[in-house]
Amino acid sequence: MKMISQHVAVCAVGNLCCSWPDLEFMIDRIDRRILSILQEDCTVPVAEIGRRVGLSTTPCWRRIQKMEEDGVITGRVALLDPAKVNAKVTAFVAITTSQHSEDWLKKFADVIREFPEVVEFYRMAGQVDYLLRVAVPDIEAYDAFYKKLISRIDISDVSTTFAMEQIKNTTALPLSYVAPEKPKPDRDK
(Lines give C-alpha, C1' and ligand atoms only; values in the text may rest on other atoms or scores of the structure.)
Protein backbone atom coordinates (compact mmCIF):
# COMPACT_ATOMS: atom_id res chain seq x y z
CA MET A 1 0.00 0.00 0.00
CA LYS A 2 1.50 3.36 -1.07
CA MET A 3 0.58 6.24 1.27
CA ILE A 4 -0.53 9.42 -0.52
CA SER A 5 -1.40 11.32 2.65
CA GLN A 6 -2.02 10.57 6.31
CA HIS A 7 -5.44 9.11 5.49
CA VAL A 8 -5.27 8.08 1.82
CA ALA A 9 -3.29 5.31 0.13
CA VAL A 10 -3.25 3.45 -3.17
CA CYS A 11 -3.71 -0.29 -2.61
CA ALA A 12 -1.79 -2.94 -4.51
CA VAL A 13 -4.62 -3.26 -7.05
CA GLY A 14 -4.64 0.50 -7.65
CA ASN A 15 -7.87 1.39 -5.82
CA LEU A 16 -8.11 4.49 -3.68
CA CYS A 17 -8.21 3.38 -0.07
CA CYS A 18 -9.19 5.84 2.61
CA SER A 19 -8.40 5.19 6.23
CA TRP A 20 -9.82 7.62 8.73
CA PRO A 21 -10.23 6.73 12.38
CA ASP A 22 -12.76 3.84 12.41
CA LEU A 23 -13.28 4.10 8.62
CA GLU A 24 -11.76 2.15 5.74
CA PHE A 25 -13.17 1.96 2.23
CA MET A 26 -12.17 1.55 -1.40
CA ILE A 27 -13.68 3.26 -4.42
CA ASP A 28 -13.19 1.37 -7.67
CA ARG A 29 -14.21 2.09 -11.28
CA ILE A 30 -17.71 0.66 -10.81
CA ASP A 31 -18.26 2.69 -7.63
CA ARG A 32 -17.20 5.85 -9.49
CA ARG A 33 -19.74 5.09 -12.23
CA ILE A 34 -22.46 4.48 -9.63
CA LEU A 35 -21.59 7.75 -7.89
CA SER A 36 -21.66 9.61 -11.19
CA ILE A 37 -25.17 8.34 -11.92
CA LEU A 38 -26.43 9.11 -8.40
CA GLN A 39 -24.96 12.63 -8.47
CA GLU A 40 -26.85 13.30 -11.69
CA ASP A 41 -30.16 11.80 -10.49
CA CYS A 42 -30.52 9.89 -7.22
CA THR A 43 -34.00 8.68 -8.22
CA VAL A 44 -32.66 6.31 -10.90
CA PRO A 45 -33.83 2.81 -9.86
CA VAL A 46 -31.09 0.53 -8.57
CA ALA A 47 -31.85 -2.00 -11.32
CA GLU A 48 -31.19 0.71 -13.95
CA ILE A 49 -27.98 1.81 -12.23
CA GLY A 50 -26.87 -1.83 -12.16
CA ARG A 51 -27.67 -2.22 -15.87
CA ARG A 52 -25.60 0.88 -16.70
CA VAL A 53 -22.56 -0.28 -14.71
CA GLY A 54 -22.78 -3.98 -15.59
CA LEU A 55 -24.05 -5.36 -12.27
CA SER A 56 -27.20 -7.13 -11.21
CA THR A 57 -29.48 -5.30 -8.77
CA THR A 58 -28.32 -6.91 -5.51
CA PRO A 59 -24.56 -6.27 -5.88
CA CYS A 60 -25.29 -2.75 -7.08
CA TRP A 61 -27.51 -2.09 -4.04
CA ARG A 62 -24.84 -3.55 -1.72
CA ARG A 63 -22.26 -1.13 -3.16
CA ILE A 64 -24.60 1.84 -2.68
CA GLN A 65 -25.35 0.78 0.90
CA LYS A 66 -21.62 0.31 1.62
CA MET A 67 -20.84 3.79 0.27
CA GLU A 68 -23.61 5.20 2.48
CA GLU A 69 -22.26 3.32 5.53
CA ASP A 70 -18.72 4.54 4.76
CA GLY A 71 -19.92 8.15 4.49
CA VAL A 72 -19.05 8.51 0.80
CA ILE A 73 -22.74 9.12 0.09
CA THR A 74 -23.93 11.52 2.79
CA GLY A 75 -27.53 12.08 1.73
CA ARG A 76 -30.10 12.19 -1.05
CA VAL A 77 -31.99 15.42 -1.66
CA ALA A 78 -34.34 17.21 -4.01
CA LEU A 79 -32.87 20.32 -5.65
CA LEU A 80 -35.28 23.24 -5.83
CA ASP A 81 -35.63 26.15 -8.23
CA PRO A 82 -34.82 29.24 -6.10
CA ALA A 83 -37.21 31.48 -8.07
CA LYS A 84 -40.12 29.09 -7.54
CA VAL A 85 -39.58 29.04 -3.76
CA ASN A 86 -39.02 32.81 -3.56
CA ALA A 87 -35.31 32.63 -2.72
CA LYS A 88 -33.98 34.04 -5.99
CA VAL A 89 -31.43 36.56 -4.62
CA THR A 90 -28.02 35.10 -3.77
CA ALA A 91 -25.72 37.08 -1.50
CA PHE A 92 -22.12 36.19 -0.72
CA VAL A 93 -21.26 37.55 2.72
CA ALA A 94 -17.59 37.93 3.64
CA ILE A 95 -17.07 38.25 7.38
CA THR A 96 -13.97 39.38 9.22
CA THR A 97 -13.66 39.18 12.98
CA SER A 98 -11.07 39.97 15.61
CA GLN A 99 -12.30 36.93 17.58
CA HIS A 100 -10.47 33.67 16.85
CA SER A 101 -11.10 31.52 19.91
CA GLU A 102 -12.80 28.10 19.85
CA ASP A 103 -15.58 29.44 22.06
CA TRP A 104 -16.33 32.35 19.73
CA LEU A 105 -16.32 30.07 16.66
CA LYS A 106 -18.74 27.66 18.38
CA LYS A 107 -21.05 30.53 19.31
CA PHE A 108 -20.82 31.98 15.80
CA ALA A 109 -21.56 28.59 14.19
CA ASP A 110 -24.54 28.11 16.51
CA VAL A 111 -25.89 31.56 15.54
CA ILE A 112 -25.43 30.87 11.81
CA ARG A 113 -27.22 27.49 12.08
CA GLU A 114 -30.33 29.36 13.25
CA PHE A 115 -30.60 31.25 9.95
CA PRO A 116 -32.30 29.16 7.23
CA GLU A 117 -31.24 31.82 4.70
CA VAL A 118 -27.62 30.71 5.11
CA VAL A 119 -27.26 27.79 2.71
CA GLU A 120 -23.45 27.53 2.86
CA PHE A 121 -20.98 28.52 5.57
CA TYR A 122 -17.17 28.33 5.30
CA ARG A 123 -14.17 29.19 7.47
CA MET A 124 -11.64 30.72 5.11
CA ALA A 125 -7.90 31.28 4.78
CA GLY A 126 -6.77 34.74 3.68
CA GLN A 127 -8.14 38.19 4.39
CA VAL A 128 -11.73 37.01 4.98
CA ASP A 129 -12.39 34.81 8.00
CA TYR A 130 -15.81 33.38 7.03
CA LEU A 131 -17.88 33.26 3.87
CA LEU A 132 -21.63 32.72 3.76
CA ARG A 133 -23.91 32.07 0.83
CA VAL A 134 -27.32 33.48 1.65
CA ALA A 135 -30.55 32.89 -0.32
CA VAL A 136 -33.34 35.45 0.12
CA PRO A 137 -36.28 36.77 -1.93
CA ASP A 138 -35.02 40.37 -2.25
CA ILE A 139 -32.68 43.06 -0.90
CA GLU A 140 -35.10 43.98 1.88
CA ALA A 141 -35.04 40.40 3.16
CA TYR A 142 -31.25 40.44 3.03
CA ASP A 143 -31.20 43.67 5.03
CA ALA A 144 -33.44 42.09 7.68
CA PHE A 145 -31.11 39.05 7.79
CA TYR A 146 -28.06 41.33 8.11
CA LYS A 147 -29.56 43.36 10.97
CA LYS A 148 -30.53 40.18 12.83
CA LEU A 149 -27.07 38.69 12.32
CA ILE A 150 -25.12 41.69 13.62
CA SER A 151 -27.43 41.96 16.63
CA ARG A 152 -26.62 38.35 17.60
CA ILE A 153 -22.81 38.30 17.46
CA ASP A 154 -19.85 40.71 17.42
CA ILE A 155 -18.32 40.93 13.92
CA SER A 156 -15.52 43.32 12.87
CA ASP A 157 -16.51 43.68 9.22
CA VAL A 158 -19.22 42.41 6.87
CA SER A 159 -18.96 42.83 3.12
CA THR A 160 -21.74 41.56 0.88
CA THR A 161 -21.82 41.03 -2.87
CA PHE A 162 -24.91 40.00 -4.79
CA ALA A 163 -24.95 37.56 -7.70
CA MET A 164 -26.30 39.11 -10.88
CA GLU A 165 -26.52 35.81 -12.77
CA GLN A 166 -25.75 32.20 -11.98
CA ILE A 167 -23.48 30.85 -14.71
CA LYS A 168 -22.82 27.38 -13.32
CA ASN A 169 -24.28 25.51 -10.37
CA THR A 170 -23.79 21.84 -9.69
CA THR A 171 -23.87 19.63 -6.65
CA ALA A 172 -21.86 16.93 -8.46
CA LEU A 173 -18.30 16.57 -7.19
CA PRO A 174 -15.55 15.69 -9.67
CA LEU A 175 -14.75 11.99 -9.51
CA SER A 176 -11.64 12.23 -11.69
CA TYR A 177 -9.47 12.70 -8.59
CA VAL A 178 -10.25 9.22 -7.31
CA ALA A 179 -7.14 7.16 -8.03
CA PRO A 180 -7.44 4.98 -11.15
CA GLU A 181 -7.64 1.27 -10.55
CA LYS A 182 -5.74 -1.56 -12.18
CA PRO A 183 -7.82 -4.39 -13.71
CA LYS A 184 -8.85 -7.04 -11.22
CA PRO A 185 -11.20 -10.02 -11.19
CA ASP A 186 -14.91 -9.14 -10.97
CA ARG A 187 -15.92 -9.34 -7.35
CA ASP A 188 -19.68 -9.17 -7.58
CA LYS A 189 -21.39 -10.07 -10.84
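Helices (H or I, at least four residues) and strands (E, at least two) are DSSP runs, numbered from the N terminus. The model is a predicted one, in which local features need pLDDT of at least 70 and side-chain atom pairs count only at pLDDT 80 or more, while totals for chains, interfaces and linings use all residues. Residues are numbered from 1 along each chain as its sequence is written, and side-chain values use heavy atoms, with hydrogens and water left out.

**Exercise 1.** Determine the strand order of the open sheet of 4 strands.

Solution. Two strands pair if DSSP finds at least two bridges between them. Applied here, the criterion gives the order β6-β7-β5-β8, with antiparallel pairing. The edge positions belong to β6 (118–123) and β8 (157–162), each of which pairs on one side only. On average, neighbouring strands of this sheet are turned by 20 degrees against each other, direction ignored; axes are lines fitted to C-alpha atoms, for helices over the stretch in contact, and angles run from 0 to 180 degrees between N-to-C directions.

Next, consider one pairing in detail. Strands β6 and β7 (residues 130–136) run antiparallel and are joined by 5 bridges. Val118 stands opposite Val134 in β7.

**Exercise 2.** State which strands helix α4 lies across.

Solution. Helix α4 (residues 102–113) lies across β5 (89–96), β6 and β7, where contact means heavy atoms within 4.5 Å. Relative to β6, helix α4 runs at about 165 degrees.

**Exercise 3.** Characterise the salt bridge between Asp31 and Arg63.

Solution. A salt bridge is a side-chain nitrogen of Lys or Arg within 4 Å of a carboxyl oxygen of Asp or Glu. By this rule the count comes to 11 salt bridges. For Asp31 and Arg63, the closest N and O atoms are 2.7 Å apart. The pair links distant parts of the chain, with Asp31 in helix α1 (residues 29–40) and Arg63 in helix α3 (residues 57–69), 32 residues apart.

For accessibility, buried means under 20% relative accessible area, exposed over 50%, and partly exposed in between (1.4 Å probe, protein chains only). Asp31, at 2%, is therefore buried, and Arg63, at 5%, is likewise buried. Asp28, Asp31 and Arg63 are linked in a network of salt bridges.

**Exercise 4.** How far apart along helix α4 are Arg113 and Asp110?

Solution. The two residues, Arg113 and Asp110, are 3 positions apart in helix α4, which means a separation of about one helical turn. Their side chains meet in a salt bridge of 3.0 Å, N to O. Arg113 is exposed at 64%, whereas Asp110 is partly exposed at 31%.
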